[in-house]
Amino acid sequence: MEARRGWRAVPKVRQVGFFTPNEPPPPARTQSGPPDSNSPPLSNSPAGNSLSPVMIPPPRHLSDNLAHRATSPLPVPETSAFRRPIPGGDRVAVVGSYNPTDSMLGASPPLTSPSSRIGDGEFSEESSPGWFRRSNSAKFASSFPGGGFDLTSIKSSETLEVEVKKPVEVPGPNIAEKSGVAGAELQTESQSSSKPLKAKTTKAERRALQESQRAAKAAAKGEATGKPAISSEGAATSKPVKQQPSRKKDALPAATSVAASDRKGVDRPPEKERKKEVPPPRMQFDDKNRVEKAKKRAVVNQTEARNRVELFRHLPQYERGSQLPDLESKFFLLDPMHPAVYKVGLQYLAGDISGGNARCIAMLQAFQEVIKDYSTPPEKSLTRDLTAKVGSYVSFLIECRPLSMSMGNAIRFLKNRIAKLPLSLSESEAKESLCSDINRFINEKIVLADKVIVRHAASKVRDGDVLLTYGSSCVVEMILLYAHELGKQFRVVIVDSRPKLEGQALLRRLVAKGLNCTYTHINAVSYIMHEVTRVFLGASSVLSNGTVYSRVGTACVAMVAHAFRVPVLICCEAYKFHERVQLDSICSNELGDPDAIAKASGRMDVNYVDNLANKENLQLLNLMYDATPLEYISMIVTDYGMIPPTSVPVIVREYRREHLWI
Amino acid sequence: MPDVQALVNDFLNKLKKRKIEGSQATSRQTAELLRSVISQQRVPYNNQAGALIDAVKAVGEQLIAANPVELAVGNIVRRVLHIIREEDLSLTTAAMAGLNLSAVSDDEDDEERDDLPVLSAAVVAAAARSTLRPPSLQTLLEDMPDTAAIPHTSSSGGDSEGKSKSADKSSRSRKLKHDVIEAVNELIQDITTCHEQIAEQAVEHIHQNEVILTLGSSRTVLEFLCAAKEKKRSFRVFVAEGAPRYQGHLLAKELVARGLQTTLITDSAVFAMISRVNMVIVGAHAVMANGGVIAPVGLNMVALAAQKHAVPFVVLAGSHKLCPLYPHNPEVLLNELRSPSELLDFGEFSDCLDFRSVTGSPLLHVVNPTFDYVPPKLVSLFITDTGGHNPSYMYRLIADYYSADDLVVKRRTTSGN
């Protein structure tokens with residue numbers, strides 16, 4: 001969201017920015033001026049008065065007056081003095097004026113000191129290095145309210161006069177500030193506009209302002225790095241400040257809704273990053289409006305399943321069988337969809353690719369194809385256009401099958417890379433670097449990570465062990481094979497469950513490799529658990545509260561193992577860690593094909609409910625995942641080593657940082 | 001007698017081949033068989049109770065051996081033995097009471113009087129054992145007169161059946177058999193109607209809008225839920241399918257046919273769903289004396305999940321499922337492994353099932369147990385045809401239904417004879 005805001009703010013910043021280079025000098029002059037300027041106050045004061053009537057917050061008034069009386073002779077100290085009593089005012093002033101500050105930095109030092117102290121307290125939240133300057137600027141603004149802005153609008157000669165006058169007429173500016181609302185109407189770029197905000201601002205507004213500041217600043221930075229020409233965007237202040245609160249309001253819903261899919265790839269400063277960590281809410285499918293909207297965009301033709309389980313209204317469930325032929329028939333019509341992405345989507349839909357790693361790799365490779373075939377359309381920048389494209393592909397893939405969280409992480413990585421492409425790169429170079437980035441991600445985060453995990457986990461296998469695993473996890477399979485290659489003597493128990501019966505494939509592969517296997521179904525897990533010495537489980541994702549989100553049934557197995565005092569080891573690559581938290585398996589999950597429940601595969605004798613599928617009061621629920629609480633987990637084996645589940649947030653944090661700087 | 005033997009053999013065959021499914025059917029048929037055994041049994045003039053007990057034990061031993069895992073068989077054999085003892089006891093007490101009061105001097109009576117001193121030791125033992133029976137105010141108060149009567153009764157009906165020499169009146173002999181058969185009929189009646197009696201309590205346990213989870217299929221559970229439905233309670237039921245037999249599908253089908261809101265889930269989703277469930281209601285295969293439950297496979301998992309989420313775990317069990325034995329390693333010793341074909345298709349995995357591997361043992365094993373043991377601490381409540389009980393109270397119920405002498409059916413007869 002913020003990124004968005006940043007973007008929007010940018011153009012304005014730029015506009016004003018053109019003026020700013022001129023600006024800095026004037027304030028500097030004015031500074032020097034203030035003492036001199038005392039004399040001409042009258043000229044400005046009338047204007048200030050005219051504006052003032054609208055709003056004069058009483059406390060201010062007093063302080064103003066006091067200040068006025070006391071300080072009138074020496075304008076500069078006064079300003080600081082009456083500033084102090086009004087903290088809110090300071091902030092606003094800062095906000096308004098902050099752009100010029102950058103440029104002004106050097107000029108103002110003497111003045112800054114008093115206000116800067118005040119500023120300290122107020123701005124301590126923003127640790128950004130810039131605050132000092134800002135506070136300075138704020139001071140300036142306050143002290144020469146009209147000055148800086150006037151400069152921009154009015155010719156320099158006038159501005160000079162004005163500035164001079166304003167600071168002098170100490171009372172005047174105050175009033176002007178208070179009256180700011182009126183000023184706002186005028187919309188002159190004078191800080192009066194910024195000041196009114198001062199007077200009015202509620203907490204929320206102030207916060208909005210601060211955020212907008214940050215955004216603007218971030219944007220500024222981005223611009224600065226990207227397009228050196230516009231480096232000084234200083235003067236932008238007044239406008240963005242004014243507009244942002246309102247803009248924010250309307251922007252918010254939209255932004256949140258889209259946030260997940262398209263994050264604009266602006267350079268994100270660290271503060272923003274912190275904000276981002278709260279993952280955006282997912283699409284809730286019981287929200288009619290949103291579903292309608294989503295449907296309009298959708299490529300895949302989905303029909304809602306009929307007998308849906310009440311508890312799971314918020315998750316999508318569609319009739320199976322119709323989409324695949326439908327999509328296939330559209331193959332040549334879907335112009336914007338890249339064939340590689342299309343293919344992967346179809347594979348997801350048909351269930352040909354399953355398993356977190358396989359799905360993630362397939363998706364990344366498809367994106368690689370996309371990038372290879374990509375050419376920037378005229379009038380567009382590669383960064384933005386490609387991000388948008390990837391976004392649309394991702395939403396197509398989501399339609400085919402909801403993304404796993406690990407894929408979300410991979411997409412975030414890719415978008416991040418795209419956003420961070422240096423602008424100096426040519427298109428081909430950029431594509432090249434993106435492709436290699438993707439390759440690197442696949443290699444480091446998946447392939448190599450698996451190797452490390454296998455090493456770690458195999459050290460936990462001893463001779464005579466009986467290892468239990470559930471379903472079919474590719475990492476666990478690698479571990480078992482590796483331990484077998486090391487010559488360890490152990491037995492494997494494969495627990496399986498309907499409807500996917502993924503364990504059978506694993507069983508076949510392991511037996512073919514000569515491992516001694518026992519196969520059973522999940523109901524018998526407490527029967528078999530007596531013999532088991534270790535439980536190895538895979539995971540679809542590990543959440544930062546230590547919950548392991550994995551194939552449905554994992555929680556049961558872990559629970560029974562826990563009850564039998566058997567250690568449970570979760571094997572999971574760190575790229576699957578996610579900062580989301582989850583307590584149960586219901587709030588977010590994936591619904592599989594309900595018809596798979598009704599039919600028992602390979603059992604012709606079991607077809608009791610086949611003909612009942614249309615009955616009103618029978619619902620079939622095919623959950624795909626469940627959440628294993630952390631108390632059942634002894635250890636998580638990941639590429640950063642073996643950690644307790646409580647350390648997941650640490651990994652998430654560390655990993656993200658690294659992730660950003662790759 | 002020969003026709004009885006044929007019946008017995010037939011039943012034995014069925015048990016061995018596991019042709020009889022479900023403890024209710026098994027116990028009903030067992031009871032019917034024992035009834036015919038009793039009715040066909042020629043009783044000697046004296047010690048007819050002993051003769052009946054012997055006959056029943058002989059048959060019972062075979063039946064139990066035919067399917068040691070089907071605890072209902074043993075339960076019914078023990079129940080019948082208990083019935084015989086009880087009937088005999090009541091008859092003799094009645095007779096003795098009459099004797100003592102009217103002091104009729106029959107020759108048989110004399111004999112009995114003569115026996116009295118000899119048997120006193122056995123009498124004391126029997127009296128001691130009878131303390132296991134529920135103490136009522138009456139028994140407490142009438143203890144003294146009873147002890148006078150007990151000696152005679154126990155002489156005929158006591159554990160030392162071979163030794164008892166008490167002679168019964170001819171009228172009594174006919175009456176005993178008749179009474180026993182009556183009582184066995186009642187038992188059969190109880191077994192067939194236990195569903196209704198359990199189901200009657202449904203409304204007390206199921207409230208409006210409740211969410212109930214069950215696993216597999218049990219007739220008792222079905223009746224229970226339907227009884228609540230009939231009382232206009234509306235609630236929804238999650239049915240876990242109970243792989244690999246998929247009995248849950250059957251249950252779901254029945255429930256749907258009766259208009260209940262039913263959701264069929266996989267067994268693996270139990271943990272995910274249990275957090276939204278208000279109560280778990282399941283049937284049992286057998287209830288052990290310690291309150292543990294031998295249940296269809298998968299229920300231990302459900303019980304653990306229920307405990308984790310503090311969901312009440314309610315077991316419905318007819319009284320014929322109460323087993324007076326204490327379990328030892330029940331997961332293994334009271335379990336049965338079914339065919340692997342329910343899990344793996346032999347055709348698909350024939351290459352893996354190769355026994356000619358280097359070590360001589362196959363690489364692939366398939367485990368398909370039938371039962372699970374749910375320890376008593378995981379059970380919140382038992383609902384039997386006599387009401388709701390805690391697991392810790394089971395031993396007491398069992399004392400009502402069984403006499404302590406019959407706990408081990410087999411050894412007694414073998415050692416006795």
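**View 1. Strand β4 of chain B is covered on both faces.** On one side sit Met279(B), Ile281(B) and Gly283(B), on the other Val280(B) and Val282(B), and all of them are buried (under 20% relative accessible area, with exposed meaning over 50% and partly exposed in between; 1.4 Å probe, protein chains only). In a regular strand, side chains alternate between the two faces of the sheet. Because five of the five residues of β4(B), residues 279-283, are buried, the strand is largely enclosed by the rest of the structure. Strands here are DSSP runs of E with at least two residues, helices are runs of H or I with at least four, and both are numbered from the N terminus.

A note before the next views: this is a predicted model, in which local features need pLDDT of at least 70 and side-chain atom pairs count only at pLDDT 80 or more, while totals for chains, interfaces and linings use all residues. Residues are numbered from 1 along each chain as its sequence is written, chains are lettered from A and ligands numbered from 1 in the order in which they are written, and side-chain values use heavy atoms, leaving out hydrogens and water.

**View 2. β4(B) pairs with β1(B) and is joined to β7(B).** Two strands count as paired if DSSP finds at least two bridges between them. With β1(B), residues 211-215, the pairing is parallel and has two bridges; look for Leu213(B), whose bridge partner is Val280(B). With β7(B), residues 313-316, there are four bridges, and the strands again run parallel. Here Gly283(B) stands opposite Leu316(B).

**View 3. Chain A meets chain B.** Contact (heavy atoms within 4.5 Å) links 59 residues of chain A with 55 residues of chain B. About 4900 Å² is buried between the two chains, 63% of it from carbon and sulfur atoms; this is the accessible area (1.4 Å probe) that the two parts lose on being put together, summed over both.

**View 4. Asp584(A) and Arg276(B) form a salt bridge across the two chains.** Their side chains meet at 2.2 Å, N to O. Three salt bridges are counted between chain A and chain B, each a side-chain nitrogen of Lys or Arg within 4 Å of a carboxyl oxygen of Asp or Glu.

**View 5. A strand of chain A pairs with a strand of chain B.** β3(A) and β8(B), residues 364-366, are parallel and share three bridges.
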